[in-house]
Amino acid sequence: TDAFALDIGEWRAGIPMVFASFAVGNELAANPGTTVRLKVDSTLTLGTDYNVIGETRKGDPNNVVMVGAHLDSVEAGPGINDNGSGTAAILETALQIGNFPVKNKVRFAFWAAEEIGLLGSDQYVEGLTAAERDRIRLYLNFDMVASPNYAYKLYDGDDSDATGAPAGPPGSAQIENQLEDFFTSRGLATVGTDFDGRSDYGPFIAAGIPAGGIFTGAEGIKTPAEAALFGGTAGVAYDACYHQACDTIANPNLTALDVNADAIADSTARYAFNLTAIP
Ligand code: PHE
Ligand code: ZN
Ligand code: ZN
Ligand code: ZN
């Protein structure tokens, strides 16, 4: 909007507004067409943060399976479900893969500064050469996988949920299907969740890299249909402590964490050996 361009133009003189402009951009991406007004906030300061990225020594470097979770939290609380849950699950997967002779290289990313506008993942994807980008065959994202009033939501790669949000790049439907197969094998249901741009898969799908992952819900309200599928309480937020001080070690649902940690390990291990389903 005009207001957006004007405000950023005025603020560019002030160093702290570097972060503010990213935050606004993210807000606009999630809510296209809305007018966003920001005021200068003394908590917005310029800082430095780092992605932590590690990959298996083994495996074909021309076929990289990427798995990511954001490591930061909001200032309001410790961020145990958002996103200690995803971080712990991918870290355990990395530890278990260890020196196993995988066929494809597996690269784990612990993203910085997701909460202020996907800064870490955005910078990473931006910094890839075309050749490096082409070697990344897919990206799996895990942000909030142990919500107390959880639903097993899979990113909607095939657009079967038809809510108007785009499907992911070609290959994303196959990722959704593979994750769904895991839940089916456990007798568990899943539902779709749109690629709405609110987590670190955003820069990857924008670059045309197939993506998928699991999300158990944030501030949204569980529907009666979901309560029938997953238990829990309809009419209540998936995570009533989302972005609050009470997102402590007492917040995560340990059943969801256990199931999703297995789903994350299962999907990562399958792609570590077989990418034939991915274009
Ligand atoms: N990325 C959001 C956050 O960290 C939460 C979220 C995750 C929203 C996945 C939608 C999908 O606050
Ligand atoms: Zn968050
Ligand atoms: Zn998050
Ligand atoms: Zn779907």
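Select Leu140 to begin: with a relative accessibility of 0%, Leu140 counts as buried (buried means under 20% relative accessible area, exposed over 50%, partly exposed in between, with a 1.4 Å probe and protein chains only). This is a predicted model, in which local features need pLDDT of at least 70 and side-chain atom pairs count only at pLDDT 80 or more, while totals for chains, interfaces and linings use all residues. Residues are numbered from 1 along each chain as its sequence is written, chains are lettered from A and ligands numbered from 1 in the order in which they are written, and side-chain values use heavy atoms, with hydrogens and water left out.

Leu140 sits in strand E4 (helices, H or I with at least four residues, and strands, E with at least two, are DSSP runs numbered from the N terminus). Not counting residues up to four places away in sequence, Leu140 touches several residues, including Met66, Ile175 and Tyr271 (contact means heavy atoms within 4.5 Å).

**Next stop: the zinc ions.** Select ligand 3, a zinc ion coordinated by His70, Asp82 and Asp143 at 2.0 to 2.6 Å (donors are N, O and S atoms within 2.8 Å of the metal, or 3.2 Å for Na, K and Ca; water is not among the atoms, so sites may look incomplete). Asp82 also bridges to the zinc ion that is ligand 2, and the two ions lie 3.4 Å apart. His70 belongs to strand E2 and Asp82 to helix H3, so the pair ties together parts that are 12 residues apart in sequence. Both are buried: His70 has a relative accessibility of 1%, and Asp82 has a relative accessible area of 4%.

**Now show helix H3.** H3 has 18 residues and reaches 24 Å from first C-alpha to last, close to the expected 26 Å (1.5 Å times one less than its number of residues). Its buried residues include Asn81, Ala89 and Ile97. Among the elements that cover them are E2, E4 and helix H9.

**Last stop: ligand 1.** Among the residues around ligand 1 are His70, Asp82, Tyr155 and Phe215 (each has a heavy atom within 4 Å of it). A nitrogen atom of ligand 1 is 2.7 Å from an N or O atom in the side chain of Glu114. A nitrogen atom of ligand 1 also lies 2.5 Å from a polar backbone atom of Arg198. The protein covers 97% of the 320 Å² of accessible area that ligand 1 has on its own (by the Shrake-Rupley method with a 1.4 Å probe).

Notes:
A polar contact is a pair of N or O atoms within 3.5 Å; within protein, one must be able to donate a hydrogen and the other to accept it, and residues adjacent in sequence count only if both atoms are side-chain atoms.
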